Amino acid sequence: MRFSVSTIGDLGKLMSDEIKAAEKAVTAGISQATEGLKTELRTQVTSAGLGPRLARTWRGQVYPKGEDSIRAAGLVWSKAPGIIRIYEDGATIRSKNGFFLAIPTA
């Protein structure tokens with residue numbers, strides 16, 4: 001079996017166009033995943049009854065900033081990691097004098 005292949009146009013330009021399309025697709029996918037994770041974390045914090053203010057501490061960023069890349073990466077973090085960690089791990093809450101702090105519950 002024998003194949004014959006020919007290109008119409010400039011092969012370098014065709015490959016360059018495909019790379020640009022791939023960069024745009026990867027960056028768009030990473031952006032969508034980063035935003036989705038951030039939104040999900042905010043929803044979980046609010047659903048747990050911790051309030052919208054703590055939920056808004058979650059941030060997201062896609063790298064490299066302002067440009068498309070096949071090696072795009074997303075980062076999601078909290079501006080209040082100590083508070084989030086306390087709710088995740090559990091902690092004893094004490095007053096300034098070292099006594100237990102009474103918090104009324106239902």
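Is K38 buried or exposed? K38 is buried, with a relative accessible area of 14%; here buried means under 20% relative accessible area, exposed means over 50%, and partly exposed lies in between (1.4 Å probe, protein chains only).

Before we zoom in, a word on the model: it is predicted, so local features need pLDDT of at least 70, side-chain atom pairs count only at pLDDT 80 or more, and totals for chains, interfaces and linings use all residues. Residues are numbered from 1 along each chain as its sequence is written, and side-chain values use heavy atoms, with hydrogens and water left out.

**View 1. The protein chain has three helices and two strands.** Helices (H or I, at least four residues) and strands (E, at least two) are DSSP runs, numbered from the N terminus. The C-alpha atoms fill a box of roughly 85 × 25 × 25 Å along the principal axes. The radius of gyration of the protein chain is 24 Å, while a compact globule of 106 residues would have one near 13 Å. This radius is taken over C-alpha atoms, and the globule rule is 2.2 Å times the number of residues to the power 0.38.

**View 2. In helix α1, K13 and D17 meet in a salt bridge.** Their side chains come to 3.1 Å, N to O. A salt bridge is a side-chain nitrogen of Lys or Arg within 4 Å of a carboxyl oxygen of Asp or Glu. Why are K13 and D17 separated by about one helical turn? Because they are four residues apart in helix α1, which covers residues 11-47. D17 counts as partly exposed, at 35% relative accessibility.

**View 3. K38 forms a salt bridge with E35.** The closest N and O atoms of this pair are 3.3 Å apart. Both residues lie in helix α1, three residues apart, about one turn of the helix. Look at the two partners in turn: K38 is buried, whereas E35 is partly exposed, with a relative accessible area of 42%. The structure holds two salt bridges.

**View 4. The protein chain carries 15 positive and 10 negative side chains.** The centres of the two sets lie 11 Å apart. Lys and Arg count as positive and Asp and Glu as negative, with His and the chain ends not counted. Each charge is placed at NZ of Lys, CZ of Arg, CG of Asp or CD of Glu.
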